[in-house]
Amino acid sequence: MRDSEYVVFIIDSSGSMFDYAWPKVIQQIIDTLAVYPHVKGVQVMNDQGIYMFPESRGQWLFDSPAQRAAIIDRLVGWNPYSASSPAQG
């Protein structure tokens, strides 16, 4: 039995995370998506509430292999401003 129909990632994109832990962040996203191979929707934003896909603000991204690949591809260089404060996210 699966316990989640939707997955949201709120990522600390601060300089220290991006500079020192980003490969681990990417791997954790990949691992988490593998645990949930089929969900109704997925969303990705940083800890300041900046959406990875701004056009999807307020909606869920449709889960598909192509969308998952797009998330990982964009995550590699995604480095929006972060104050390391999750209150805004």
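**Figure 1. Elements covering the buried residues of helix α2 in the predicted model.** Among the elements that cover the buried residues of α2 are β1, α1 (15-20), β2 and α3. The buried residues themselves are W22, V25, I26, I29 and L33. Viewed down the axis of α2, these buried residues fall within an arc of 100°, so they line one face of the helix. An α-helix has 3.6 residues a turn, so residues three or four places apart point the same way.

**Figure 2. Extent and exposed face of helix α2.** Helix α2 comprises 14 residues, 22-35. From its first C-alpha to its last it reaches 20 Å, close to the 20 Å expected at 1.5 Å a residue. The exposed residues P23, K24, A34 and V35 are carried on the face turned away from the buried side of α2.

**Figure 3. The aromatic pair of Y6 and W60.** The count of aromatic pairs comes to two. In the pair of Y6 and W60, the ring centres are 4.7 Å apart and the planes stand at 35°, so the pair is tilted. Distant parts of the chain are linked by this pair: Y6 belongs to strand β1 (residues 6-11), whereas W60 lies in the loop between β2 (41-46) and α3 (65-77), 54 residues apart. Y6 is partly exposed, at 37% relative accessibility, and W60 is partly exposed at 44%.

**Figure 4. The aromatic pair of F18 and W22.** The ring centres of F18 and W22 are 5.1 Å apart and their planes are at 50°, so this pair is tilted. F18 is partly exposed, with 23% relative accessibility, whereas W22 is buried, with a relative accessible area of 3%.

Notes: Residues are numbered from 1 along each chain as its sequence is written. This is a predicted model: local features need pLDDT of at least 70, side-chain atom pairs count only at pLDDT 80 or more; totals for chains, interfaces and linings use all residues. Side-chain values use heavy atoms; hydrogens and water are left out. Rings of Phe, Tyr and Trp (its six-membered ring) pair if their centres lie within 6.5 Å; planes under 30 degrees apart count as stacked, over 60 as edge-to-face and the rest as tilted. Helices (H or I, at least four residues) and strands (E, at least two) are DSSP runs, numbered from the N terminus. Buried means under 20% relative accessible area, exposed over 50%, partly exposed in between (1.4 Å probe, protein chains only). The expected span of a helix is 1.5 Å times one less than its number of residues. The arc is that of the directions from the helix axis to the C-beta atoms. Contact means heavy atoms within 4.5 Å.
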